[in-house]
Amino acid sequence: MAVSLRAGGNGVLSRLKALFHLPRLNHVLAGGELQAQEQSEASSDGAAHLVEIDMSTWKTYDARSCGVTGHLIPKSPWTVLALLRDEGFNAYLVGGCVRDLILKRIPKDFDVITTANLQQVKEKFHRCDIVGKRFPICRVRIKGSVVEVSSFKTIAKRAEGKEKVIFSCMPSGCNKRDFILWRDSMHRDFTINSLFFDPSENKIYDYTNAMEDVRSLKLRTIIPAQLSFEEDCARILRGVRIAARLGLALSRDIEIAIGSLLSSIERLNKHRLMLEINSMLSYGAAEPSLCLLQRLRLLEIILPFHAAYLDQQNREHSAQSSLMLMRLFFNLDKLVSCDQPSDCTLWIGLLAFHLALVNNPQDALVIWAFASTLYYGKWKGASQFANKCAKLQVNFVPEISGSSSCKSALAESVSNLASLVQESVSILSDTDRLIESMTRYPHSSCSGLVLIQAQVANNVREIFQVLVNDVESYNDGRGCFEINHESLGKGFLRETRHVLGKIILNTMNGGVVQGEEAVEGKKLKDTVGYQQETVVSKQNEGSSLSHLIAQEVFKDDNKSRQPVSSSELLEGVDEQQKLDGGRCSSFEQKVVAKERRGSLSYKSKVTVEECQEFVKAFQSSSREVNVMKGERLRINEILMEMKGRPKQRVKSVKRRSSKNSASKNQLDITEKCESTAEDMNKQENVLIVERGLKEAKRRKRKILVEEESSRPLLSEIFK
């Protein structure tokens with residue numbers, strides 16, 4: 001089947017014509033590939049061109065068979081889709097979100113496209129702005145998030161007078177909706193970004209054979225890559241980002257086009273360039289992105305110093321060259337993701353830290369102390385911990401000069417390193433400083449391109465300023481060591497500083513050489529791991545009574561802790577501090593609060609720890625449990641008898657009072673029996689609590705004696 005349309009010299013079809021430089025072409029789009037056949041008839045340049053569209057490649061899929069359902073869509077885009085449809089417009093999810101849903105990935109964002117024009121969208125949503133000049137869209141703020149809405153009519157308006165569609169010539173299988181969707185897909189960058197998802201009908205529309213590319217994990221452009229990248233060179237970086245995050249293979253023509261258009265990246269707007277690089281490094285795919293940028297020779301334009309460093313490391317092929325830069329970004333990827341990204345200050349800080357070490361190698365002890373102070377937020381405990389970690393042999397060349405067990409002027413060395421990192425930020429943000437630093441690598445080229453603006457550079461310097469001025473008195477009072485991803489995404493310096501320290505510590509631990517020198521470190525890690533297992537085992541305990549106490553009364557105090565590997569040295573200290581100093585409020589306060597809401601009916605002065613020990617005592621002692629079960633059975637039997645007797649007496653009273661009213665004494669007996677049953681129930685609860693607390697206190701004393709005699713506690717380091 002074929003569809004006829006007329007196109008002027010500046011329309012979509014002129015893009016295809018420009019590639020071949022032929023006066024008359026008959027373009028046939030089949031399976032996403034472009035084929036050209038020379039027309040037998042000649043005509044002038046201003047005449048209309050006849051284009052045949054192969055509709056056999058247009059496919060519609062059941063979204064549920066692809067594992068995509070409406071339940072995967074957040075409330076914000078779902079609300080936008082529903083409101084637009086209520087107004088009589090067609091609305092679809094389009095682009096990367098559909099691709100990610102098919103691949104079982106978390107989408108970075110959800111983009112909507114509709115048949116309404118942008119002004120109609122703005123009138124429908126109160127908190128909506130139209131942004132962009134070249135490709136205008138609506139940014140709808142709804143339910144605490146932003147949804148980008150584009151319009152089919154935007155493309156139609158840009159091509160007005162350049163494309164004329166003859167609908168009367170369309171075959172019966174093609175309707176106006178399909179043609180509109182096809183035309184929009186032809187203006188997109190990559191095939192895998194041209195899928196449309198209609199949640200109301202559970203259908204996915206594919207006009208470019210995109211589903212095959214998604215399944216085969218292949219990245220292809222809609223039109224020839226050379227022409228596509230010449231139109232918008234930012235598509236090069238976008239393709240690298242998508243391929244790195246999803247593990248896609250680049251088509252041959254994409255790699256060739258990138259190689260021939262490398263210099264076009266230098267002419268890209270700096271703001272847009274920074275957005276693309278931040279999307280690569282802040283959303284959990286930094287390490288593969290850097291690797292792909294280096295392979296395609298793009299990194300030498302964007303980050304020339306680090307590209308030269310990687311080239312030198314690869315040329316040396318030394319066993320001691322362990323690529324600390326990649327280790328840093330590998331550990332960054334473990335802490336961020338598409339739904340929990342970081343601010344750009346984090347990865348800029350990592351680049352500056354690594355650049356400072358390459359230019360000025362440091363002793364391992366200084367780096368341990370530097371990272372521990374950032375992570376822990378306090379110099380006193382961090383310095384002592386660094387001295388313990390200095391027994392580990394860390395092998396990164398050229399970043400680490402050696403490993404000493406003790407250093408007299410440790411605080412001064414840490415402050416000096418912080419100053420060097422601040423100077424490295426200037427190298428990343430100033431062209432003259434960058435060119436000067438590249439003298440270290442005379443055989444590497446430098447375009448002089450810098451990404452980082454002055455304001456962002458100042459924010460990054462502020463991260464390390466606390467270590468420059470009197471580091472020995474530094475104490476930010478941090479009590480919680482879990483990552484606050486909301487603060488991290490907003491670029492709060494305190495949270496960025498904490499995560500930066502965590503990444504450096506994990507990287508240092510990953511460079512530890514296994515051998516006799518690491519025996520003390522292994523003992524330290526084993527001790528930390530034992531403490532963590534103790535904390536986790538206490539968290540995992542539960543019983544029927546814990547359901548009543550722990551879940552109902554203390555559910556607000558049971559904060560979730562991330563599972564931590566024993567290889568992360570400081571994590572054991574964090575958990576120990578939480579165990580020692582992170583007590584919850586008293587049991588009495590919680591019960592009173594619950595009584596006001598009508599949840600519980602008694603109160604007692606018991607701490608949270610005692611209740612946990614109480615639960616543990618009854619779980620581990622089967623003999624006590626069996627005794628309590630027997631007592632409960634006997635009490636239940638007594639209660640049943642007592643409950644049955646009053647009913648029988650009431651019935652007899654009612655029979656005898658058919659003529660006369662029931663005697664007052666008999667009714668009093670019934671009320672007394674019922675009150676006795678309630679007293680028995682209360683006494684049962686009191687008995688359980690008293691025995692449990694007594695056993696819990698005994699076990700607590702025994703555990704404390706065993707722990708103090710068997711192993712040392714790291715908490716003494718941070719008193």
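Predicted model: local features only at pLDDT ≥ 70, side-chain atom pairs only at ≥ 80, totals over all residues.
Ser279 sits in helix 11, which covers residues 270–281. Is Ser279 buried or exposed? Its relative accessibility is 16%, and buried means under 20%, so Ser279 counts as buried. Leaving out residues up to four places away in sequence, Ser279 touches Lys108 and Arg241. Leu237 is 42 residues from Ser279 along the chain, and their C-alpha atoms are separated by 9.8 Å.

Now for the sheet. Strands of a sheet pair through backbone hydrogen bonds, either parallel or antiparallel. Here, an open sheet of 8 strands runs in the order 6-14-13-7-8-11-10-9, and its pairing is mixed. At the edges you'll find strand 6 (59–62) and strand 9 (128–131), each pairing on one side only. From one strand to the next, the twist averages 30°. Look at strand 7 (residues 91–94) and strand 8 (residues 111–114): they pair in the antiparallel sense over 4 bridges. Tyr92 stands opposite Ile113 in strand 8.

| Helix | Lies across | Angle |
|---|---|---|
| Helix 2 (residues 75–86) | strands 7, 8, 10, 11 and 13 | about 150° to strand 7 |
| Helix 6 (residues 176–185) | strands 7, 8, 13 and 14 | about 140° to strand 13 |

What about the inside? In soluble globular proteins, nonpolar side chains tend to be buried together. The largest nonpolar core has 150 residues, and those with the most contacts inside it are Ile204, Leu298, Phe329, Trp347, Phe353 and Phe370. Helix 16 (residues 344–359) gives the most to this core, with 12 residues. Another core, of 18 residues, lies apart from it, with Met55, Trp182, Ile222 and Ile223 among them. Back to Ile204: setting aside its neighbours within four places in sequence, its contacts include Lys59, Tyr61, Val98, Leu195, Phe197 and Met211.

Finally, take a look at helix 17, residues 364–376. This helix has 13 residues and reaches 18 Å from its first C-alpha to its last, close to the 18 Å expected at 1.5 Å a residue. Why is helix 17 largely enclosed by the rest of the structure? Because 13 of its 13 residues are buried. Just after helix 17 comes Gly377, which takes a positive phi of about 80°.

Key
Residues numbered from 1 in each chain as written. Heavy atoms only, no water. Helix = DSSP H or I, 4+ residues; strand = E, 2+ residues; numbered from the N terminus. Expected span 1.5 Å × (residues − 1). Buried < 20%, exposed > 50% of the residue type's maximum accessible area, 1.4 Å probe, protein only. Pairing = 2+ DSSP bridges. Axes fitted to C-alpha atoms, helices over the stretch in contact; angles between N-to-C directions. Contact = heavy atoms within 4.5 Å. Core = buried A, V, L, I, M, F, W, Y, C linked by side-chain atoms within 4.5 Å.
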